[in-house]
Amino acid sequence: MPKYTVPDFAALRGKQKIVMLTAYDYAGAVMAEAAGVDLILVGDSLGMVVLGYESTVFVTMQDMIHHTRAVKRGARESFIVVDMPFGSVQTGLTDALRNAVHLIKETGADAVKIEGGEEVVEIIRHLSQSGIPVVGHVGLTPQTAVNLGGFKVQGKTVQDAQQILRDAQAVADAGAFMVVLEAIPAPLAQKITERLNIPTIGIGAGPHLDGQVLVYHDVLGFFDRFTPKFVKQYAQMSKLGTEALQQFVREVRTGVFPGPEHSFSMKEEVLSRLY
Ligand code: KIV
Ligand code: NA
């Protein structure tokens with residue numbers, strides 16, 4: 001399948017659901033591409049699921065560059081979105097553009113994603129007008145979750161729901177070509193999807209969106225700390241992996257592994273001439 005470009009995603013609206021998945025390394029990217037996802041997100045969730053940080057706030061530009069390069073090597077044909085880490089866009093338009101350009105040049109990613117609504121529209125406009133495709137992210141924004149009362153569903157009151165509607169609209173008006181809606185009620189996500197003229201991608205936002213995204217480690221059950229309600233696990237890799245590793249430990253201790261099939265032989269005449 002040829003690699004998507006920005007207009008292709010708009011063209012998919014109403015025809016076919018857009019499937020986004022995160023990936024953080026070469027092996028994961030190979031699997032995501034082989035599975036046929038439409039686009040890959042190198043999310044700053046990597047800080048939690050891969051690096052073990054307490055939150056995504058600690059993720060650096062260097063972390064994003066390191067992992068996105070590996071993803072790019074594993075998924076050459078995929079459209080890749082990279083998250084702007086916390087702090088990389090907050091210190092002014094010039095810094096935001098410099099960091100976005102740096103991320104794209106260093107990694108070969110196709111687009112950047114920025115968390116926030118009305119408060120980040122100047123940044124989104126500046127980057128889009130400079131030729132950088134931008135994905136928005138509104139609703140629950142993990143980088144600023146501490147202000148939102150933690151990791152919980154957003155937009156339950158009239159005031160909050162109205163703000164999220166305004167945020168989504170503002171992000172689209174500023175030039176974002178796609179927006180992620182995270183952890184909001186399904187009917188609100190539907191309303192936003194009907195109003196916007198760019199594709200909406202949901203995570204914990206119900207079924208009425210143009211597409212869906214999940215975190216690789218959640219989909220495959222790799223992350224043991226917690227699983228949000230909106231995640232569907234398609235495998236339990238943590239459990240499977242631990243059991244497999246326990247068997248490896250047992251087999252080494254009991255001498256079952258390595259067997260003859262894992263070992264190299266040598267001609268008797270060669271062996272017999274050693275002294
Ligand atoms: O970092 C991430 O994985 C994300 C998705 C959850 C949208 O931003
Ligand atoms: Na993110």
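Colleague: Which residue of strand E8 is the bridge partner of Val19?

Modeller: In E8, the bridge partner of Val19 is Gln212. A strand here is a DSSP run of type E with at least two residues, a helix is a run of type H or I with at least four, and both are numbered from the N terminus. This is a predicted model, in which local features need pLDDT of at least 70 and side-chain atom pairs count only at pLDDT 80 or more, whereas totals for chains, interfaces and linings use all residues. Residues are numbered from 1 along each chain as its sequence is written, while chains are lettered from A and ligands numbered from 1 in the order in which they are written.

Colleague: Why are both faces of strand E8 called covered?

Modeller: Gly211 and Val213 on one side, and Gln212 and Leu214 on the other, are all buried. Buried means that 20 or more other C-beta atoms, placed from the backbone, lie within 10 Å of the residue's own, while 12 or fewer make it exposed and values in between make it partly exposed. In a regular strand, side chains alternate between the two faces of the sheet.

Colleague: How do you know that Asp44 is buried rather than exposed?

Modeller: Asp44 has 29 other C-beta atoms within 10 Å, and therefore it counts as buried. Asp44 lies in the loop between strand E2 (39–42) and helix H3 (46–49).

Colleague: What does Asp44 touch beyond its neighbours in sequence?

Modeller: Leaving out residues up to four places away in sequence, Asp44 is in contact with Thr56, Val59, Met64, Asp83 and Pro85, where contact means C-beta atoms, placed from the backbone, within 7 Å of each other.

Colleague: Which residues does UniProt list for "binding site"?

Modeller: The unreviewed UniProt entry lists Asp44, Asp83 and Glu115, and such annotations may be inferred rather than shown by experiment. These residues are spread over 72 residues of sequence, yet they cluster in space, with a largest C-alpha distance of 10.7 Å.

Colleague: What makes Glu115 a buried residue?

Modeller: Its count is 25 other C-beta atoms within 10 Å, so Glu115 is buried. Glu115 lies in strand E4 (residues 111–115), and its contacts, apart from residues up to four places away in sequence, are His137, Thr141, Gln143 and Thr144.

Colleague: Why does Glu182 count as buried?

Modeller: Glu182 has 23 C-beta neighbours inside 10 Å, and so it counts as buried. Glu182 sits in strand E6, and the unreviewed UniProt entry places the feature "active site" there. Beyond four places in sequence, Glu182 is in contact with His137, Gly139, Leu140, Ile203, Gly204 and Ala205.

Colleague: Which residues of helix H6 are buried, and what do they pack against?

Modeller: In H6 (residues 121–129), the buried residues are Val121, Ile123, Ile124, His126 and Leu127. They pack against helix H5 (93–107), E4, strand E5 (134–139) and helix H7 (158–173). Just after H6, Gly131 takes a positive phi of about 95 degrees.

Colleague: What makes the chain divide into domain 1 and domain 2?

Modeller: The division comes from a domain assignment, which gives domain 1 (6–236) and domain 2 (240–272), and such bounds are automatic or taken from a database. The centres of domain 1 and domain 2, taken over C-alpha atoms, are 44 Å apart. The protein chain has 11 helices and 8 strands, and 41% of its 275 residues count as buried.

Note on methods. Contact = placed C-beta atoms within 7 Å. Pairing = 2+ DSSP bridges.
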